[in-house]
Amino acid sequence: GRSYERFIRINSQSGKGGIAHVLSSEYGVKLPRKLLGELSGHVQAFADEQAREVSSAEVWDIFRQVYLREKGVLTILNYWPRPQADDPNVIQGEVQLVCNGEEMRLFAAGNGPIAAFVHAIRQLPVVPEFTLTEYEEDAIGASADAEAITYVRLTDAEDGNHYGIGFGANIDQAAVRAIVSSVNRMLA
C-alpha cells in the first residue's frame, strides 16, 4: 500500500554514481569522469562534516562553489574572438579583464577562439605556465537557446591539475570562463 518515490541518497559513503545521477537528472549536467571523481571527494567531505545526507541542491552548490571561480585574481569582463581578415583560420582574440584589481585589455591570435584566449592570458606575469589537458563542452537544455557549459583541466608544474567550469550563452564564452575558473583555482 505504499507509494513509490524515486530518490537517490547522497551521504559520506556515496559513490560517484549517485552524484552523477543527481547532476544529470536534476541539472542536465554530465561531468567528465575524472572531474566527477574529484567532486565526489568534496561532496563526501561535506556530508561527513554535516553528519547527514546531502540534498541535490547542496551537491549542485558544492559543484559550483568548488569549480566556478569567475572572480578571483582574474575576472573576465569581455572576450571578442574575431577571424583575421586575410585568413579566417586565424582567430584574433581581444580580452578585457581585471587582474589583481587592475582593468586591462589583451590581444593575441590563435588557431581558434580558445587558443587565442590562452595566448592572451599567458601574457600576464601572474599566470603560471600551464597546459590545457582536458576540454569538454555540453549544452544544458535541448533548445536552440540552451546554455553552454564547459569543463577544463589545466595542468601546471607545481600543483598538478586544476578543473574549472564555465557557463555561457555560447560555447566560446563558456570556455573562457572555465579557463578563468581553473586559473583562479590554480592561483588560490
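Reader: How many bridges join strand β5 to β6?
Author: There are 9, and the two strands run antiparallel. Strand β5 covers residues 147-156. Strands here are DSSP runs of E with at least two residues, helices are H or I runs of at least four, and both are numbered from the N terminus. Two strands pair if DSSP finds at least two bridges between them.

Reader: Before I go on, what is the model based on?
Author: It is a predicted model: local features need pLDDT of at least 70, side-chain atom pairs count only at pLDDT 80 or more, and totals for chains, interfaces and linings use all residues. Residues are numbered from 1 along each chain as its sequence is written, and side-chain values use heavy atoms, with hydrogens and water left out.

Reader: Which residue in β6 is the bridge partner of Thr 155?
Author: Asn 161.

Reader: What is the strand order in the sheet?
Author: β4-β5-β6, in an open sheet of 3 strands with antiparallel pairing. The edges are β4 (130-140) and β6 (160-168), each pairing on one side only.

Reader: Switching topic. Where is His 42?
Author: His 42 sits in helix α2, residues 33-50.

Reader: Why does His 42 count as partly exposed?
Author: Because its relative accessibility is 31%. Buried means under 20% relative accessible area, exposed means over 50%, and partly exposed is in between, with a 1.4 Å probe and protein chains only.

Reader: What does His 42 touch?
Author: Ile 62, Val 66 and Tyr 67, leaving out residues up to four places away in sequence. Contact means heavy atoms within 4.5 Å. The C-alpha atoms of His 42 and Val 66 are 8.3 Å apart, with the residues 24 apart along the chain.
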